[in-house]
Amino acid sequence: MERLRERLPLGAATLGNRVFMAPLSGISDVPFRRLARRFGAGMVVSEMVASGEFARGDTESAMRAMRDSDGVHVVQLAGREAGWMRAAAERLARAGVDVIDINMGCPAKKVVGGLSGSALMRDLDHALQLVEATVAGAGGVPVTLKMRLGWDRATINAPELARRAEAAGVRMVTVHGRTRDQFYDGSADWKAIAAVKAAVTIPVAANGDLTCPADAPAMLGASGADAVMVGRAACGRPWLAGLIAGACTMSDLAAVDAAGFVTAHYEAMLEHYGASVGLRHARKHLAWYCDRLAASPGGLAASERAALLSAGDPGAVMGQLLRLFDGLSLADLEAVNPASELRQAA
């Protein structure tokens, strides 16, 4: 759609188009973000960064917040204490981040149990204290907010949260079309996002169940949103946001050798994390690539998949990847529809 190809100003930053790559814990790290950006995602967001840990100088939190390239650098903060949110935002602003996103949408039990993420939608007064603290700490850096529709169907309060967040200085909101109690079950309610769009004047991005370019017109039509965000459907498909935006095409993907691409991603993870940690982190990405390979005409034996994902020698893994993906392009991987794909959509 032409609308999705349009640039979107956000404070001093300008987003390249209106199809964004979501923050995904344990997935949207520096190597993955570089790939999503390479194929034309309009915005990529870091993994969720715990505000208190980051403000105190925690090394792993700093790694999650690292800049991945010269493009617009967006870091997502999570937390429950206003002081830490402000301190983390100040630290990010000093480091030159371009956009700070606030997480009020994560449904994970560990996050919600710590009264962060979507748990904040149960107490909008407290949520707004965090928004105000982040905006104050960010200074001139634009602040955005990612949320769900509400805690459950009886408490759909995303429109109110969005309205109050805009008044507090938030420059864009993203809404996942599910409540927290749904986790990722059922279908995202794109129509419900329209109430958020009607409540604010700032841009609204719709998120949830966007799995392919064909979904985008219906998502935009139902939600009235200004932009869309791709989540877990991009697992094993870091090119997906760019494909939906029209920044890359199937012809472009056909020109990319799958074996070279997958091995380069693997090598980048080893370099980023170090060989020992990188090998473990890479396995989930390799599993998603293998899911697509298994659904392709040549298939993939379960024993070969198991051997690849359990191998402890990076050199052996590289050799297996080159052999398994030999002769395939990224277009071949994109063309298939593995059984795991709908489970991944978010």
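Is Phe 261 buried or exposed, and what is its relative accessible area? Phe 261 is buried, at 4% relative accessible area. Buried means under 20% relative accessible area, exposed means over 50%, and partly exposed is in between (1.4 Å probe, protein chains only).

This is a predicted model, in which local features need pLDDT of at least 70 and side-chain atom pairs count only at pLDDT 80 or more, while totals for chains, interfaces and linings use all residues. Residues are numbered from 1 along each chain as its sequence is written, and side-chain values use heavy atoms, with hydrogens and water left out. Helices (H or I, at least four residues) and strands (E, at least two) are DSSP runs, numbered from the N terminus.

**Aromatic pairs**

- Rings of Phe, Tyr and Trp (its six-membered ring) pair if their centres lie within 6.5 Å; planes under 30 degrees apart count as stacked, over 60 as edge-to-face and the rest as tilted.
- By this rule there are four aromatic pairs.
- Phe 39 and Trp 239 have ring centres 6.4 Å apart and planes at 70 degrees, so this pair is edge-to-face.
- That pair links distant parts of the chain, 200 residues apart. Phe 39 sits in the loop between α2 (30-38) and β4 (43-50), and Trp 239 in the loop between β10 (227-230) and α11 (240-245).
- Phe 39 and Trp 239 are both buried.
- Trp 239 and Phe 261 also pair edge-to-face, because their ring centres are 5.9 Å apart and their planes are at 65 degrees.
- Here the partners are 22 residues apart, with Trp 239 in the loop between β10 and α11 and Phe 261 in helix α13 (residues 258-273).
- Trp 239 has a relative accessible area of 0%, so it is buried.
- One aromatic cluster is formed by Phe 39, Trp 239, Phe 261 and Tyr 289.

**Helix packing**

- Two packed helices are described by the angle between their axes and the distance between the axes.
- Axes are lines fitted to C-alpha atoms, for helices over the stretch in contact, and angles run from 0 to 180 degrees between N-to-C directions.
- Angles under 35 degrees count as roughly parallel, over 145 as roughly antiparallel, 65 to 115 as roughly perpendicular and the rest as oblique.
- Contact means heavy atoms within 4.5 Å.
- Nonpolar covers Ala, Val, Leu, Ile, Met, Phe, Trp, Tyr, Cys and Pro; charged covers Asp, Glu, Lys and Arg; the others, Gly among them, count as polar.
- Helix α14 (residues 275-294) and helix α15 (residues 302-310) have axes that come within 10 Å and cross at roughly 160 degrees. Therefore α14 is roughly antiparallel to α15.
- The α14 side of the contact consists of Arg 283, Leu 286, Ala 287, Cys 290 and Asp 291, and the α15 side of Arg 305, Leu 308, Leu 309 and Ser 310.
- By class, the residues in the contact of α14 with α15 are five nonpolar, one polar and three charged.
- Helix α9 (residues 190-199) packs against α10 at about 45 degrees, with the axes 7 Å apart. So α9 is oblique to α10.
- From α9, Trp 190, Lys 191, Ile 193, Ala 194 and Lys 197 meet Ala 218, Met 219, Ala 222 and Ser 223 of α10.
- The contact of α9 with α10 has six nonpolar, one polar and two charged residues.

**Buried sites**

- Pro 107 lies in the loop between β6 (99-104) and α6 (109-113). Its relative accessibility is 5%, so Pro 107 counts as buried.
- Not counting residues up to four places away in sequence, Pro 107 touches Val 112, Ser 118, Arg 148, Arg 180, Phe 183 and Tyr 184.
- Pro 107 and Arg 67 are 40 residues apart in sequence and 26 Å apart in space, C-alpha to C-alpha.
- Val 112 is in helix α6. It is buried, with a relative accessible area of 7%.
- Val 112 touches, among others, Pro 107, Trp 151 and Arg 180, not counting residues up to four places away in sequence.
- Arg 18 lies in the loop between β2 (13-15) and β3 (19-21). Arg 18 is buried, at 8% relative accessible area.
- Leaving aside neighbours within four places in sequence, the contacts of Arg 18 include Arg 3, Glu 6, Arg 7 and Asp 226.

**Backbone**

- Most residues other than glycine have a negative phi.
- Asp 209 has phi near 65 degrees, a positive value in a residue other than glycine.
- Asp 209 is in the loop between β9 (204-207) and α10 (216-223). At 18% relative accessibility, Asp 209 counts as buried.
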